[in-house]
Structures are given as C-alpha cells and as structure tokens.
Amino acid sequence: MQRSARRDRLPARGRERVTCAANLTTVELTWIEKRVEHWLRFGKPVSDRILDRRRRLASFTPGSVFAFIRWAANDYGTVSSHIDIVRAVEADEPFQTIPFVQPGGELLLALSGWQKVRRVLEAIDAVEAIPLAPSDIAPDYWRQVGARIAAGQQVSPYTRERHDAWLKRRKLVP
C-alpha cells in the first residue's frame with residue numbers, strides 16, 4: 001500500500017477546504033466492441049463524463065463501493081478478464097493502485113480469469129436477488145468472496161440476517 005499522492009496537491013490551508021472534485025475516485029471506462037471492454041457491474045457514480053464515443057469517466061465519492069470489470073480479446077478469443085471490487089478512499093487514506101482507476105482505492109476483491117470472474121458475477125446476482133444493492137452490503141463479504149473463490153471453495157451466501165447484523169455492528173463501531 002502507498003500513501004495518497006493527492007495530499008501533495010492540496011492547498012496549504014488544509015484538506016477541509018478542498019472541493020469535492022479533489023476527493024473523487026475516477027474510473028476510465030472503455031468499450032471497443034469485441035476487443036476491449038471496461039465496465040461497471042455495480043456502483044453509484046456521482047458523475048459520468050463522456051470523453052468520446054468509446055470512453056467515459058465515472059467518478060465516485062469516498063466510501064462508495066463499485067465493481068469494475070476489464071475484459072480484452074484478440075482474433076483468437078479472450079486474452080484477459082479481471083474483476084475488482086473497490087472502495088473509494090478519502091484523500092489521506094492509504095490505497096492500492098488499480099489499472100484505469102485514479103488515484104486508486106481500497107481493493108476488496110481482485111480476481112482474474114473468466115471462471116473466477118463468472119463466479120463473482122454469480123455472487124453479485126445472488127445479493128441483488130435478496131434484494132440488496134451490492135454496493136451497500138458489508139465490505140468484508142466481498143473480501144470473503146474473493147478469498148473463497150481464489151481458494152477454490154464454495155462462496156457462502158449473503159443473507160438478510162447477515163446484512164442486519166452488519167448494520168447493527170456499524171452503528172456500534174463507526
């Protein structure tokens with residue numbers, strides 16, 4: 001992990017006077033059909049800016065959780081597929097660097113390979129079936145999903161009871 005480089009760009013008067021834009025985490029999304037596809041599976045961006053017909057920028061406030069999928073292919077088929085579930089961080093928090101995410105974020109889950117990505121997508125679908133927004137559930141669940149899939153184990157389901165317990169725990173320990 002590294003300390004945020006954003007701190008160096010902040011005015012001398014203090015971080016509290018910086019506009020919200022300085023605190024945003026920005027994801028570059030690209031869509032070149034059947035070649036390069038970067039998209040969000042879930043998350044609530046506060047802004048979405050179109051750069052050109054193939055690229056756009058989605059920005060997230062600190063604390064927001066989003067899933068970012070990167071897929072690439074050539075004439076012979078899929079070259080790479082990755083999924084990252086990321087929590088956007090405050091300007092003074094440590095973070096991991098992630099391709100196409102500026103400046104980076106807290107990585108809750110990072111897997112590559114289509115079979116693993118597919119299993120994460122199935123876990124996301126299961127959360128949405130409860131119905132809960134995947135960006136609003138316990139971040140620890142995404143860490144567990146990543147660890148279990150990486151170890152080749154079955155993913156335990158996220159339940160309404162588990163969600164209620166997390167909400168109660170969050171009230172006690174902010």
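Me: Where does Pro 131 lie?
Reply: Pro 131 lies in the loop between helix 1 and helix 2, where helices (H or I, at least four residues) and strands (E, at least two) are DSSP runs numbered from the N terminus. A cis peptide bond joins Pro 131 to Ile 130, with omega at about 5°.

Me: Before we go on, what kind of model is this?
Reply: This is a predicted model, in which local features need pLDDT of at least 70 and side-chain atom pairs count only at pLDDT 80 or more, while totals for chains, interfaces and linings use all residues. Residues are numbered from 1 along each chain as its sequence is written, and side-chain values use heavy atoms, with hydrogens and water left out.

Me: What does the pLDDT average for the protein chain?
Reply: The average is 88, and 87% of the residues score at least 70; pLDDT is the predictor's confidence in each residue, from 0 to 100. Over residues 1-20, however, pLDDT stays under 50. Where pLDDT is low, the predicted coordinates should not be read in detail.

Me: OK, which pattern does the protein chain follow along the sequence?
Reply: The pattern is β-β-β-β-β-β-β-β-α-α-α, made up of eight strands and three helices. As one detail of the strands, strand 3 (residues 47-50) and strand 4 (residues 55-60) run antiparallel and are joined by four bridges, given that two strands pair if DSSP finds at least two bridges between them. The link from strand 3 to strand 4 is a hairpin of four residues, and Ser 47 has Ser 59 as its bridge partner in strand 4.

Me: Back to helix 1, which of its residues are buried?
Reply: Val 117, Val 120, Leu 121, Ala 123, Ile 124 and Val 127 are buried in helix 1, where buried means under 20% relative accessible area, exposed over 50% and partly exposed in between, with a 1.4 Å probe and protein chains only. Seen down the helix axis, these buried residues fall within an arc of 155°, so they line one face of helix 1; the arc is that of the directions from the helix axis to the C-beta atoms.

Me: And what covers that buried set in helix 1?
Reply: The cover includes strand 2 (36-42), strand 5, strand 6, strand 8 and helix 2.

Me: Which residues of the largest nonpolar core touch the most other members?
Reply: Among its 25 residues, they are Ile 83, Ile 85, Val 120, Tyr 141, Trp 142 and Val 145. Such a core is a set of buried Ala, Val, Leu, Ile, Met, Phe, Trp, Tyr and Cys residues joined through side-chain atoms within 4.5 Å. Helix 1 gives the most to this core, with six residues.

Me: What is Val 145 in contact with, beyond four places in sequence?
Reply: Val 145 is in contact with Leu 109, Val 120, Ala 123 and Val 155, contact meaning heavy atoms within 4.5 Å.

Me: New topic: which cis peptide bond involves Pro 103?
Reply: The bond joins Gln 102 and Pro 103, with omega about -5°, and Pro 103 lies in strand 8.

Me: What about phi at Lys 34?
Reply: Phi of Lys 34 is positive, about 65°, although Lys 34 is not a glycine. Lys 34 is found in the loop between strand 1 (25-32) and strand 2, and it is exposed, with a relative accessible area of 62%.
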